[in-house]
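My notes follow in the order I looked things up.

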Amino acid sequence: MAAARRGSAEKRTPSIFWALAAVAFPLSWPIMRWEIKGTLPEQGAFIVAPNHTSEVDPLIMGMAVWKLGRAPRFMAADRLFRVKGLGWILRKSGQIPVSRDARGANQAAIASAERLAKLGQGVIIYPEGTLTREPDLWPMRGKNGAARIALSADIPVYPAAIWGAQNLLPRYAKKLTLGWRKKITVHVGEPVSLAEFSGRMQSASAMKGATELIMNDITGLLEGIRGEQAPAELYDPAKHGQTEHGKFPQGRDGSSSDAGAV
């Protein structure tokens with residue numbers, strides 16, 4: 001396991017994250033062991049963009065970001081903030097509500113970016129928007145939410161690869177597969193260079209290009225963890241009989257996490 005980082009002022013300042021960490025880490029110790037590589041900035045806004053293979057990913061990624069010295073926050077579906085109890089926790093921990101209404105995508109991205117930049121906070125965004133549909137769990141085509149937010153306020157995007165969560169909760173599974181200290185690997189890379197797309201948020205081709213750069217960097221990190229080569233092209237669900245929301249014509253469940261999906 002990587003050595004714990006002393007972290008930023010937001011981690012050293014008492015908050016609800018202290019209570020959540022005090023519960024999560026002791027409970028997880030018999031279940032998982034960590035390998036974490038990479039760094040996050042000690043201050044200022046940032047985006048972490050991970051791959052997504054399991055519904056338990058948000059919990060693990062949040063714990064990894066805390067280990068790397070920053071407070072974990074997600075873009076969470078606004079409907080979750082209306083759930084009694086859960087909504088209180090989301091608000092107290094600074095999670096960011098977002099609407100799935102695509103018509104206001106630019107406005108929502110700009111508002112989120114301004115908030116992150118003003119408060120100097122980080123956020124975890126899953127660019128794929130849902131669990132990967134790629135048969136071998138490689139990253140698939142991404143959505144442009146992370147790129148839009150990054151370019152709205154020049155916020156750095158740190159690609160991240162997580163591997164091992166699928167051994168705790170396999171894709172589409174409803175129950176945990178428990179075992180003694182299963183290995184969880186999280187690698188965070190250097191910020192993705194998006195300078196060539198600056199000022200081009202209105203361009204669909206620019207957003208596509210920026211998103212592909214992010215997804216390619218995520219895939220490269222995952223190749224390093226797995227010691228394998230990913231397919232040459234990012235998986236496109238629409239070309240394999242799946243809808244944009246991951247549903248299969250045969251009715252196989254394509255559920256997705258609402259945390260960090262933009």
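**Entry 1: a helix pair.** I began with a contact between two helices. A146, A147, R148 and L151 in α6 meet M207, A210, T211 and I214 in α8. Contact here means heavy atoms within 4.5 Å. By class, I find six nonpolar residues, one polar and one charged in the contact of α6 with α8. Ala, Val, Leu, Ile, Met, Phe, Trp, Tyr, Cys and Pro count as nonpolar, Asp, Glu, Lys and Arg as charged, and the others, Gly among them, as polar.

I then looked up the geometry. Helix α6 covers residues 145–153 and helix α8 residues 204–226; they pack at about 105°, with axes 8 Å apart. That makes α6 roughly perpendicular to α8, a label for angles of 65 to 115 degrees. The axes are lines fitted to C-alpha atoms over the stretch in contact, and angles run from 0 to 180 degrees between N-to-C directions.

**Entry 2: ground rules.** The model is predicted: local features need pLDDT of at least 70, side-chain atom pairs count only at pLDDT 80 or more, and totals for chains, interfaces and linings use all residues. Residues are numbered from 1 along each chain as its sequence is written, and side-chain values use heavy atoms, with hydrogens and water left out.

**Entry 3: the whole chain.** I count eight helices and seven strands. These are DSSP runs numbered from the N terminus (helices H or I, at least four residues; strands E, at least two). Of the 262 residues, 52% count as buried. Buried means under 20% relative accessible area (1.4 Å probe, protein chains only). Among contacts with a separation of 6 or more, 76% join residues 24 or more positions apart.

**Entry 4: nonpolar cores.** Which residues touch the most other members of the largest nonpolar core? They are I47, I149, L194 and I214, out of 28 residues. A core is a set of buried Ala, Val, Leu, Ile, Met, Phe, Trp, Tyr and Cys residues joined through side-chain atoms within 4.5 Å. β2 (46–50), β4, α5 (105–119), α6 and α8 each supply at least two residues of this core. The largest share, six residues, comes from α8.

Beyond four places in sequence, I47 touches V123, I125, A146, I149, A150, I155, P156, V157 and Y158. A second, separate core has 25 residues, including I36, V48, M61 and I124.

**Entry 5: helix α3.** Ten of the eleven residues of α3 (57–67) are buried, so this helix is largely enclosed by the rest of the structure. The buried set includes D57, W66 and K67. Just after α3, G69 takes a positive phi of about 100°.

**Entry 6: Q95.** Is Q95 buried or exposed? Q95 is buried, at 7% relative accessible area. I place Q95 in the loop between α4 (86–92) and β4 (96–98). Leaving out residues up to four places away in sequence, Q95 touches F17, P72, R73, F74, F81, L90 and R115. The side chain of Q95 reaches the backbone nitrogen of F74 at 2.6 Å. A polar atom of the Q95 side chain also lies 3.4 Å from the backbone oxygen of P72.

**Entry 7: D236.** D236 is in the segment after α8. D236 counts as buried, at 13% relative accessibility. A polar atom of the D236 side chain lies 3.0 Å from the backbone nitrogen of A238.

Methods:
Angles under 35 degrees count as roughly parallel, over 145 as roughly antiparallel, 65 to 115 as roughly perpendicular and the rest as oblique. Buried means under 20% relative accessible area, exposed over 50%, partly exposed in between (1.4 Å probe, protein chains only). A polar contact is a pair of N or O atoms within 3.5 Å; within protein, one must be able to donate a hydrogen and the other to accept it, and residues adjacent in sequence count only if both atoms are side-chain atoms.
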